Amino acid sequence: MAARTPIKLKIPRQDLQVFRLFELKPDPARAWAQALPVTDIRTVVEELDRCLHDLNRVRLSPEARYPILEAIRPTLDITISNLSRRFLNQPLVLPQEASQLAQTGTDLLNMAATSYTITALEAIQHRDDLYQINPAQLACEAIQRAMMYASRKLLQTLQLYRPLELHGWNTLHQLFELAERQQLTDLPVTEPLAAAPTIRRAYLQGVLLGCCKPNQLRQTELAAFYLALCDWSEFIELNPASTEVGLFAVDLHGDQPPVYRSQIDALGDSHRVVDTSKLLDQLQSLRSHEEDGLQLDDDTSLPASTLDHLARSLGEVSVRHFTRARSSGKLLVCLGISNTHYHVAGNRLFEDVLYDKADVTHGEPAAATNPFLSNEPDGQLPTSETVYVAPVSTNERYPIYLADLCDASPAGYCLEWSETLPGDIRVGDILGLRESQASQWAVAVIRWFNQTDIHRSLIGVELLSPKAIPLGARIHLSNGDKAPPMRVLLLPELKVVGQSHSLITPRASFRESQKVTLFDSQRKHTVQLGRQRAATGSFIQFEFSFIEELGDVLAKQRPELVGDAYDSLWSDI
């Protein structure tokens with residue numbers, strides 16, 4: 001019988017002779033931690049860093065080390081949470097100070113995971129010397145704590161869209177294999193804290209972060225998914241390599257997240273199969289009962305669009321339909337629905353689009369050919385267009401940026417997003433894209449974000465439509481009134497690629513089946529919103545159908561009674 005591969009967990013030598021911060025007992029440790037100046041975050045971080053660094057090097061029995069760590073843990077958790085507020089939900093391209101704080105948070109999480117790992121290894125190695133506590137219970141709880149901090153480190157790194165440090169995934173895998181060999185994976189943990197109540201479920205809570213296409217989720221969505229996995233882990237099965245059912249497989253000896261099982265030629269003894277089919281059933285049930293998403297607690301929710309994303313990510317193999325080709329050059333970029341609406345409208349303010357107010361201070365008027373009246377063949381772009389683009393350096397309210405192009409495909413682009421570009425972008429934001437001032441604006445969405453290093457970030461952009469029509473939209477309220485107009489973008493039908501017309505709306509207020517009046521200074525029509533084709537944290541894309549109103553009926557029956565204002569040409573779009 002072949003010898004088993006040894007567990008590889010990196011821990012420091014316990015070679016420190018004297019520990020000076022406090023007496024190595026739980027009560028002095030708790031008193032020291034509680035006396036730290038919580039309002040001075042830098043001092044607290046420095047002291048905790050020094051404490052964990054020295055604790056990991058001092059020789060202690062596992063039954064003495066564990067209660068000391070538990071005494072310090074509440075202060076450590078509060079400090080890490082306070083730190084995270086200074087670099088999460090901030091501009092994704094972090095300034096230097098915030099980036100340093102993020103690294104400090106990562107270091108604290110790493111040292112905390114190491115502290116509990118040392119406890120677990122010593123409890124297993126010296127089990128015969130432990131009398132006051134059950135060695136299996138101590139090892140089980142220490143491994144669960146180590147996994148919790150290792151998973152939180154993974155979560156934080158993924159939230160910042162940064163590459164994981166060496167051994168980031170391997171540490172989690174090896175902790176699970178250690179517990180598996182000791183037959184500890186399914187023992188209950190009496191106080192699971194922010195992690196699942198068994199080692200198996202705590203491992204799945206962390207490792208499933210790698211299966212959800214994390215670079216396509218917002219920071220808050222990733223955090224909500226991790227929190228939900230604390231309970232959802234009971235619906236996930238982790239089975240031996242011989243198991244036939246399961247979309248993902250993970251190598252406990254590797255340093256990678258789970259990958260599609262179909263991508264592995266042959267599974268070895270170190271592989272485990274991850275079966276998410278029961279979780280998919282749970283997600284489908286939640287989606288059918290929670291139309292607006294799932295509220296996890298007072299501050300945390302999973303929008304319906306995120307539940308849909310998770311179902312796709314965990315239930316089907318993602319296949320790239322287009323080949324990327326390396327490209328160079330620049331793209332003109334504008335961010336957000338409001339900014340895109342302004343530029344698509346030919347540099348006209350929203351009120352000018354709605355009411356045709358002349359305002360020469362905002363640039364020249366749009367092309368004389370109104371897009372509502374266009375009779376171009378479906379799928380073809382105009383041969384000419386007169387659109388004025390305000391200078392990049394002077395247009396402060398509706399800025400345009402130049403982004404470097406890295407590669408391109410028929411479906412979109414990969415752009416380099418440097419420190420000189422705005423950092424307040426999010427996955428799921430709408431973009432306007434333009435190859436040159438002679439071309440028209442296309443509408444796109446940010447699908448993923450990767451920070452390759454502190455000074456360089458990449459964003460993946462999916463094209464939604466090569467053209468758009470800027471409109472105002474009034475929602476018909478239940479009391480018969482109409483809401484104030486909001487900016488929307490109509491994406492025309494393109495029969496060449498089988499794309500029906502759709503509507504891009506802001507995230508708030510709009511719902512399926514609503515009646516909405518779409519209008520600009522020349523046209524007005526009532527539509528009913530249909531199925532959501534796509535949704536992110538920034539916008540919703542709706543299918544819609546036209547509603548024939550009284551004026552339209554009269555125009556057909558007695559056209560001489562109704563002026564040209566009712567001769568709608570929307571059907572030609």
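The structure is a predicted model. The chain has 573 residues, and 50% of them count as buried. Its secondary structure comes to 13 helices and 19 strands.

**The chain as a whole**

- Among contacts in the chain with a separation of 6 or more, 68% are between residues 24 or more positions apart.
- A search of the whole structure finds 20 salt bridges.

**Salt bridges**

- Side chains of opposite charge can pair when their charged atoms come close.
- Glu23 and Lys25 form a salt bridge, with their closest N and O atoms 3.3 Å apart. Glu23 has a relative accessible area of 48%, so the residue counts as partly exposed. Lys25 is partly exposed as well, with a value of 45%.
- Glu237 and Lys278 also meet through their side chains in a salt bridge, at 2.9 Å from N to O. This pair links distant parts of the chain: Glu237 is in strand β1 (residues 237–240) and Lys278 is in helix α9 (residues 277–289), 41 residues apart. Glu237 is partly exposed at 28% relative accessibility, and Lys278 is partly exposed at 46%.
- Arg287 forms a salt bridge with Asp308, and the closest N and O atoms are 2.8 Å apart. Here the link runs from helix α9, which holds Arg287, to helix α10 (residues 304–315), which holds Asp308; the two residues are 21 positions apart. Arg287 has a relative accessible area of 25% and is partly exposed. Asp308, at 27%, counts as partly exposed.
- Salt bridges that share partners join Glu70, Arg73, Asp77, Arg145 and Arg152 into one network.

**A patch of negative charge**

- Asp40, Glu46, Asp49 and Asp107 gather on the surface in a patch of negative charge.
- Asp40 sits in the loop between α1 (26–34) and α2 (41–55).
- The relative accessible area of Asp40 is 35%, so Asp40 counts as partly exposed. A residue must have over 30% relative accessible area to belong to such a patch, and Asp40 passes that cut-off because its value is 35%.

**A proline in a helix**

- Pro74 lies in helix α3, which covers residues 62–84.
- Pro74 is partly exposed, since its relative accessibility is 40%.
- Pro74 and Arg30 are 44 residues apart along the chain, and their C-alpha atoms are separated by 9.2 Å.

**Two residues with positive phi**

- Most residues other than glycine have a negative phi.
- Asn89 has a positive phi, near 55°. Asn89 is in the loop between α3 and α4 (96–125). With a relative accessible area of 46%, Asn89 is partly exposed.
- Asn347 also has a positive phi, near 65°. Asn347 is in the loop between α11 (336–344) and α12 (350–355). Its relative accessible area is 2%, so Asn347 counts as buried. The cut-off for buried is under 20%.

Terms used
Residues numbered from 1 in each chain as written. Predicted model: local features only at pLDDT ≥ 70, side-chain atom pairs only at ≥ 80, totals over all residues. Heavy atoms only, no water. Patch = residues over 30% accessible without salt bridge, like charges linked within 9 Å, V, L, I, M, F, W, Y side chains within 5 Å. Areas by Shrake-Rupley, 256 points an atom, 1.4 Å probe, with all protein chains shown as cover. Salt bridge = Lys/Arg side-chain N within 4 Å of Asp/Glu carboxyl O. Lys, Arg positive; Asp, Glu negative; His and termini not counted. Charge placed at Lys NZ, Arg CZ, Asp CG, Glu CD. Helix = DSSP H or I, 4+ residues; strand = E, 2+ residues; numbered from the N terminus. Buried < 20%, exposed > 50% of the residue type's maximum accessible area, 1.4 Å probe, protein only. Contact = heavy atoms within 4.5 Å.
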